[in-house]
Amino acid sequence: MLSAINPALASKLQLASGVLGQAQARFEITPNQAILRARIRAAELDALCSIEGGEMLPSQLAANYGSAARAWRHWPYHFVRVFETPLPGRYAPTVDTLSAWLNHSGRPAPPALAAIPVAISENRAKSFIYRAQINARLPRLLAGGLIAADFARSSPLLHANVPIGLILGDSWSVNHTLSAGGLAAIGIQTEYIAWKAIIQGQVDDDLDDTSISARDTRIMSAWLDAVTAGAQQVIRLDKGLRLWFARLDELSAEPRQSLAFRKVALFVAARPSATIAE
């Protein structure tokens with residue numbers, strides 16, 4: 001399939017793959033994976049909230065990223081249903097696997113959602129699945145962008161088709177230990193990529209080529225830009241964490257410092273928020 005990809009897209013694909021590899025390598029050797037993972041998840045949530053149309057308040061990060069009933073009350077965002085939920089299998093989605101993914105088949109759903117199965121428009125879902133199975137023949141990084149865009153355009157759900165489509169495409173494209181489904185969303189947010197306009201082909205009124213093929217090329221190009229920017233942000237987070245650890249080592253070595261200081265600092269750093277009970 002690479003032979004059918006234009007040189008500019010092939011160059012972006014190579015860049016995105018390389019930066020993702022660097023981000024994954026840094027994640028593997030970071031001083032504390034739990035803390036870096038917490039920082040990545042917070043950035044993903046912030047980006048997905050923005051794309052769904054709201055802002056993320058610190059209190060909304062409080063318990064289990066929305067997996068606890070008390071936390072869900074603070075979440076007006078529907079994408080939390082599938083955040084950090086791996087796709088069932090490594091093959092192109094079917095209607096059954098899509099439904100299983102959305103309804104947490106095989107794993108507990110957030111308590112507030114457990115009794116509310118997601119309603120899926122079967123006809124729209126079938127339309128999406130048909131195209132997804134074709135696009136899945138492409139390299140995963142390219143296919144992820146088209147899958148995300150097709151899900152949003154097909155709109156098989158009542159709510160949050162754009163962010164859930166992004167999580168679906170991201171989960172198809174990116175190593176799950178690095179991303180919980182929002183790495184591309186981070187890139188869309190940090191680079192101000194007009195994702196919703198791009199997937200609808202509304203980027204510019206004077207485009208020379210308005211064909212579906214040209215639209216898909218623009219989608220894949222924007223997706224690769226987003227994944228690259230998201231992976232670069234992970235690298236920046238890791239660099240910041242290393243500086244923070246160096247400073248923590250300095251402070252912990254001071255003779256008057258409490259022995260509990262380092263433990264408390266690490267505990268707080270690994271959580272977006274903490275309660276007195278914790």
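1. Order of elements. From the N terminus on, the protein chain runs α-α-α-α-α-α-α-α-α-α-α-α, which comes to 12 helices and 0 strands. Helices (H or I, at least four residues) and strands (E, at least two) are DSSP runs, numbered from the N terminus.

2. Basis of the values. The model is a predicted one, in which local features need pLDDT of at least 70 and side-chain atom pairs count only at pLDDT 80 or more, while totals for chains, interfaces and linings use all residues. Residues are numbered from 1 along each chain as its sequence is written, and side-chain values use heavy atoms, with hydrogens and water left out.

3. The chain as a whole. Of the 278 residues in the protein chain, 44% are buried; buried means under 20% relative accessible area, exposed over 50%, and partly exposed in between (1.4 Å probe, protein chains only). The accessible surface is about 14000 Å², and 55% of this surface belongs to carbon and sulfur atoms. Such areas come from the Shrake-Rupley method with a 1.4 Å probe, and for residues only the protein chains shown count as cover. Among contacts (heavy atoms within 4.5 Å) with a separation of 6 or more, 69% join residues 24 or more positions apart.

4. The largest nonpolar core. This core has 73 residues, and L98, I164 and W195 touch the most other members. Helix α11 (residues 212–252) gives the most to the core, with 13 residues. A nonpolar core is a set of buried Ala, Val, Leu, Ile, Met, Phe, Trp, Tyr and Cys residues joined through side-chain atoms within 4.5 Å. Beyond its neighbours within four places in sequence, I164 is in contact with H78, F79, V82, W101, L102, F151, L157 and H159.

5. Helix α1. The 23 residues of α1 (residues 7–29) should span 33 Å at 1.5 Å a residue, and the end C-alpha atoms are 33 Å apart, which agrees; the expected span is 1.5 Å times one less than the number of residues. At the N-terminal end, N6 caps α1, with a side-chain oxygen 3.1 Å from the backbone nitrogen of A8. The buried residues of α1 are L9, L13, A16, V19, L20, A23, Q24 and F27. Their cover includes α2 (33–52), α7 (140–154), α9 (183–190) and α11.

6. A231, in α11. A231 lies in helix α11 and is buried, with a relative accessible area of 0%. Leaving aside neighbours within four places in sequence, A231 is in contact with V19, L20, A23 and L183. A231 and Q24 are 207 residues apart in sequence, and their C-alpha atoms are 8.5 Å apart in space.

7. Two positive phi values. E84 is not a glycine, yet its phi is positive, at about 65°. E84 lies in the loop between α3 (69–72) and α4 (95–102) and counts as partly exposed at 26% relative accessibility. A160, also a residue other than glycine, has a positive phi near 60°. A160 lies in the loop between α7 and α8 (161–173) and is buried, with a relative accessible area of 15%.

8. S171, in α8. S171 lies in helix α8. S171 is buried, with a relative accessible area of 9%. The side chain of S171 reaches the backbone oxygen of I167 at 2.8 Å. Apart from neighbours within four places in sequence, S171 is in contact with L87, R90 and G181.

Key
A polar contact is a pair of N or O atoms within 3.5 Å; within protein, one must be able to donate a hydrogen and the other to accept it, and residues adjacent in sequence count only if both atoms are side-chain atoms.
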